Structure formats: C-alpha cells, structure tokens
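Trainee: I have a new model open and would like to go through a few places in it with you. Please start wherever I point.

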Amino acid sequence: MTIRLGGIIFGLVLVGVLLAWSFIPDTVKYSAPTKSPYYAFHEEKLKPAGGFSFDGLGGKWDYQQLQRGYQVYKEVCSACHGMKYVAFRNLEQLGYTEAEVRAEAASWSVPGLDPVTGESTMRPAEPTDYFPSPYPNEIAARAANNNALPPDLSLITKARPDGANYVYSLMQGYVEPTEEDLAKAKELAGGVEWETPVGLYFNEHFYNANIAMPPQLYPDLITYADGTEATVEQMAQDVSAFLTWTAEPSLVARKQTGWFVIGFLLFATGLAFLSYKQIWAEKKKKKA
Ligand code: HEC
C-alpha cells in the first residue's frame, strides 16, 4: 500500500515538474542561459503586432508571408548575404510549382565552369544549387563592407536568442540614440564618451550598438508581388518569418508531431491501465 502511494506521489511530482518546465518559462533551467550578455544592448525586442503565425503550440506557416519574405531577401538582403544551406528546390515548400522554382533558380547566377575552356565563369542556377554568396571570398566580402563580414543568413534566426524577433527588431533598430542609450553605450565603451564611429551605424538592437550594416528598409522599397503595402514593419516581419523558415523548415511539423506524440502517450496510458486491471482481476477476486 505504501509503495503504491509513494509511486503515485512520485509520478505526480514528475508530471508537475515536466508541466512547469514546458509551460512556464524559466522555472527549470537547462543548458544555455536564456539571456546572453551579448546581443542585449536593448533587452526588450520589438515583436510584430499579434506575433508571428508560427508562434505558440499551434503555430502554422503563413505561406503568403514566406513568399513575401523571400522577395525581400532576394531584392534587398542578397546583395550582401548568402544562404548556403538553402537550395532553390527548397522553395517548392513555400508553394511554388516545380516550373516556377526552375525559372526562379535561373534568374540567379552561381559560379560554374565554362564547358569548353574550363575557366571559372558564372552560369544560371539550377534547382539543385544553393543560394550563392554575393562575394567570391571572405576578403572580398570584408573589403566591400568596411571590414565587417555579412554573415550567411541560412541559420541566423537560430544563431541569435529569440531569433525571429531579433531580426525583426534589428531591421528597425536604426533610430536616434536616447539619453539612456548614450549612457549605456558609454558604459560599454569603458567610460569613454560615445559616438558612432565613421562607417558604422547606430542600431539599438545590435549588441554593441554600432553595426556595419547600413539601414536596409525604407517604406515602399520594394513592390510586393501580392500587392501588400511594403511598410518597414511589414518587410521586417516578412523577412524574419522567411529566415525562420530557412533555419528550421520543419518547425511547424515538429509542433504537430508533438501533439500526435501526446495523443499517442495518452492512448498508451489508457491501454496500460486496462491491462493492469485485467492482470490483477483474478488475484483481487480471490482476496475478496
Ligand atoms: C550593403 C550590404 C548589406 C545588405 C544589403 C544587408 N546586410 Fe545585413 N549585414 C551586413 C553587414 C556588413 C553585416 C555585419 C555587421 C557587423 O558585424 O557589424 C550584416 C549583418 C547582418 C545580421 C547579423 C547581425 C548580428 O547579430 O550579428 C543580420 C541578421 C542581417 N545582417 C540581416 C540582413 C537582412 C534581413 C537584410 C535584408 C533586409 C540585410 N541584412 C541586408 C551588410 C548588409
């Protein structure tokens, strides 16, 4: 009897801990600290009104949005950033047909070899190619960007805490520094009176507030294929959603699998309980 009671209490405690862990942030700490001193010049990040469509337990992709985000990447960001882990054929997952993907790939050039002379040239991309870097190598990339390296964007939303909101904020972080910002920047600089260095830009969401990337988004910078109005928030949100998809295309499938697994475990618990009843039925009858 005591063993059974102990077992029940142990089980309840375990379930409680697991529930707290999964539903209440920061109750149970595991692995990396959630707040990194880096990338926290402003700890409060901007969030799109209403959040992203893929947030939360029942998150879903908004394919229209992902297509718009791809358009922002193509027309703006790809001038400096590659995406070496994303292939053109992956775009089919955003709802483009095979023919559209083939045509889309062909509108990009990738490094290739001349079939006759064997010399390096550029050729139109195939669906199996990966999004190229706009620079032939790191030296060229740095030379064009004030010695800063524009990182590959395939995994950037995974490489920064709260990645989708971070990219969304970073795109909109080019503001006039406030008094508080100036004080904090001075502290970061070891007490030196702070000024944005030549060739860098103040960005209140970049970790040291001085970023080598110039402001990118302006109202109506691009004309969306689906007619959506190209406000800065809209483009920032769309490109962050797109970069969330590039970093984890299986995000939504993973959440759905979670629900399936929970359902299956409940079902298995029911079966286990029934077989427990069955196995002990004889003994209990004898005892009575
Ligand atoms: C003119 C070139 C240029 C363009 C165009 C550009 N970037 Fe950048 N980007 C840079 C450079 C340079 C850096 C490195 C900044 C640094 O380290 O100071 C950078 C860094 C970044 C980072 C990483 C910041 C970090 O936390 O380290 C992100 C995210 C980013 N860019 C997103 C974008 C997006 C999204 C677009 C398109 C809307 C874009 N960039 C367009 C040059 C560019």
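Predicted model: local features only at pLDDT ≥ 70, side-chain atom pairs only at ≥ 80, totals over all residues.

Trainee: Is Leu57 buried or exposed?

Mentor: Leu57 is exposed, because 10 other C-beta atoms lie within 10 Å; the cut-offs are 20 or more for buried, 12 or fewer for exposed and partly exposed in between, counting other C-beta atoms within 10 Å, with C-beta atoms placed from the backbone. The C-alpha atom of Leu57 is 14 Å from that of Gly263, although 206 residues separate the two along the chain.

Trainee: And helix 1 itself, where do Val15 and Trp21 end up?

Mentor: Val15 belongs to helix 1, residues 2–23, and Trp21 is in helix 1 as well. Val15 counts as exposed, since it has 10 C-beta neighbours inside 10 Å, whereas Trp21 is partly exposed because it has 14 other C-beta atoms within 10 Å. From C-alpha to C-alpha, Val15 is 41 Å from Leu91, 76 residues apart in sequence, and Trp21 is 44 Å from Glu104, 83 residues apart in sequence.

Trainee: OK, on to helix 2. Which of its residues are buried?

Mentor: In helix 2 the buried residues are Gln65, Leu66, Arg68, Gly69, Tyr70, Gln71, Val72 and Tyr73, and the buried residues of this helix pack against helix 8.

Trainee: At what angle do helix 2 and helix 8 cross?

Mentor: Helix 2, residues 63–75, and helix 8, residues 232–247, cross at roughly 100°, and their axes come within 7 Å. The axes are lines fitted to C-alpha atoms, for helices over the stretch in contact, and angles run from 0 to 180 degrees between N-to-C directions. The two helices are therefore roughly perpendicular to each other (65 to 115 degrees; under 35 is roughly parallel, over 145 roughly antiparallel and the rest oblique).

Trainee: Which residues make that contact?

Mentor: On helix 2 they are Gln65, Leu66, Arg68, Gly69, Tyr70, Val72 and Tyr73, and on helix 8 they are Met235, Asp238, Val239, Ala241, Phe242 and Trp245, a contact meaning that the backbone-placed C-beta atoms lie within 7 Å. By class, the contact of helix 2 with helix 8 holds nine nonpolar, two polar and two charged residues (Ala, Val, Leu, Ile, Met, Phe, Trp, Tyr, Cys and Pro are nonpolar, Asp, Glu, Lys and Arg charged, and the others, Gly among them, polar).

Trainee: What about helix 6, how far is its axis from that of helix 8?

Mentor: The axes of helix 6, residues 163–171, and helix 8 are 9 Å apart, and the helices pack at an angle of about 145°. The contact of helix 6 with helix 8 has nine nonpolar, four polar and no charged residues.

Trainee: Changing topic, what phi does Asn147 have?

Mentor: Asn147 has a positive phi of about 70°, although it is not a glycine. Most residues other than glycine have a negative phi. Asn147 lies in the loop between helix 4 (138–144) and helix 5 (156–159), and it counts as exposed because it has 10 C-beta neighbours inside 10 Å. Asp220 also has a positive phi, of about 60°, and is not a glycine; it is placed in the loop between strand 6 (210–211) and helix 8.

Trainee: Last one, what is Ser109 in contact with?

Mentor: Setting aside neighbours within four places in sequence, Ser109 is in contact with Met122, Arg123, Pro124 and Ala125. Ser109 lies in strand 2, residues 109–113, and counts as partly exposed because it has 13 C-beta neighbours inside 10 Å.

Conventions:
Residues numbered from 1 in each chain as written. Helix = DSSP H or I, 4+ residues; strand = E, 2+ residues; numbered from the N terminus. Contact = placed C-beta atoms within 7 Å.
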